[in-house]
Amino acid sequence: MQDEMADVLPDKRQVALSFSRAAAQYDGAALLQRRVADRLLARLPPLNPQLWLDLGSGTGYCSRALAQRHPHSEGLALDLAAGMLRHARQQDGGARHYLAADAERLPLRDDSCDLIVSSLALQWCPDLPAVLAEARRSLRPGGVLAFSSLVEGTLAELRQSWARVDDQIHVNRFRPQTTYAEAAKASGLQVLTLEVEPEQLLFADLRALTHHLKAIGAHNLNQGRPQGLTGRHRLAAFTQAYESLRQPAGLPATYQVIYVLLRKE
């Protein structure tokens, strides 16, 4: 099964570098990431894993939660961004081992893991079927892969506002929900949960929004993104377009989050 987004998603090396640079300020800005991680963890079925993996572990929020839930289990934190792993180690990231590696090529033995959790990381992986195949290979029978990711429609306000200015790529692109559903069905894993829920953040102004995206390493990383500075008149038109969407509590930024639980039979 081919992933139709593989040719348009950001280069993984750019993603890793961007998140490594954001590591120090990431936790202070990662309200959405914590909220989504909590909702993903709340969906987990009862498990008593010998070994769990936090896939795309970032600064260790999920790893610390998993370590508290399963104090007698062995935990692995894996991320492509070495800077995130260093930061997690320094902050007692919850895992016993930290691995700088690729989700599409897991450095794990076959049938070695009982639980793989990945929150808001797989949207950056160009080859989703490879990620699911690696998870299936690495999980023991009865093991669970639980992940959250961003789908098409995320940051629609930002995209729509830029579309009123020009036709360039200003906002990261994400797979549609149907792609995740098809990949999950084709993975050979049993689908336990597959649902999308919106999450909305509100910002005082556009400066606060763009600072937030930069602080979490999720600013525009797409291939074909504009290079150089944005002209004053175009920026003013964009600001006016976004301001037309203002709510009483601030400027909205809506994320479409998919939650997927898969079990190896």
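Strand β2 (residues 74–79) and strand β3 pair in the parallel sense over four bridges. Two strands are said to pair if DSSP finds at least two bridges between them. The structure is a predicted model, in which local features need pLDDT of at least 70 and side-chain atom pairs count only at pLDDT 80 or more, while totals for chains, interfaces and linings use all residues. Residues are numbered from 1 along each chain as its sequence is written, and side-chain values use heavy atoms, with hydrogens and water left out.

**The sheet**

In the pairing of these strands, Leu76 stands opposite His97 in β3. Helices (H or I, at least four residues) and strands (E, at least two) are DSSP runs, numbered from the N terminus. Seven strands form an open sheet with mixed pairing, in the order β3-β2-β1-β4-β5-β7-β6. Because β3 (97–100) and β6 stand at the edges with a single partner strand each, one side of each is left without a neighbour in the sheet. From one strand to the next, the twist averages 15 degrees. In general, strands of a sheet pair through backbone hydrogen bonds, either parallel or antiparallel.

**Two buried residues of the sheet**

Ala77 is found in strand β2. This residue is buried, with a relative accessible area of 1%; buried means under 20% relative accessible area, exposed over 50%, and partly exposed in between (1.4 Å probe, protein chains only). Leaving aside neighbours within four places in sequence, Ala77 is in contact (heavy atoms within 4.5 Å) with Asp54, Ser57, Ser63, Leu85, Ala95, His97, Tyr98 and Leu99. The C-alpha atoms of Ala77 and Ala100 are separated by 8.6 Å, although the two residues are 23 residues apart along the chain.

Glu199 has its place in strand β6 (residues 190–203). Glu199 is also buried, with a relative accessible area of 4%. Residues up to four places away in sequence not being counted, Glu199 touches Leu32, Arg35, Val36, Arg39, Ala253, Thr254, Tyr255, Val257 and Tyr259.

Axes are lines fitted to C-alpha atoms, for helices over the stretch in contact, and angles run from 0 to 180 degrees between N-to-C directions. In α4 (residues 82–90), Gly83, Met84, Leu85, His87 and Ala88 are buried. Just after α4, Asp92 takes a positive phi of about 55 degrees. Helix α5 (residues 128–138) lies across β1 (51–55), β4 (113–119), β5 (139–150) and β7 (251–263), running at about 150 degrees to β5.

**Helix pairs**

| Helices | Angle | Axes apart |
|---|---|---|
| α2 (residues 31–42) and α3 (residues 61–69) | about 35 degrees | 10 Å |
| α6 (residues 156–163) and α9 (residues 232–243) | about 130 degrees | 8 Å |

The angle makes α6 oblique to α9; angles under 35 degrees count as roughly parallel, over 145 as roughly antiparallel, 65 to 115 as roughly perpendicular and the rest as oblique. Glu157, Leu158, Ser161 and Trp162 in α6 meet Arg234, Phe238, Ala241 and Tyr242 in α9. By class, this contact of α6 with α9 has five nonpolar, one polar and two charged residues. Ala, Val, Leu, Ile, Met, Phe, Trp, Tyr, Cys and Pro count as nonpolar, Asp, Glu, Lys and Arg as charged, and the others, Gly among them, as polar.
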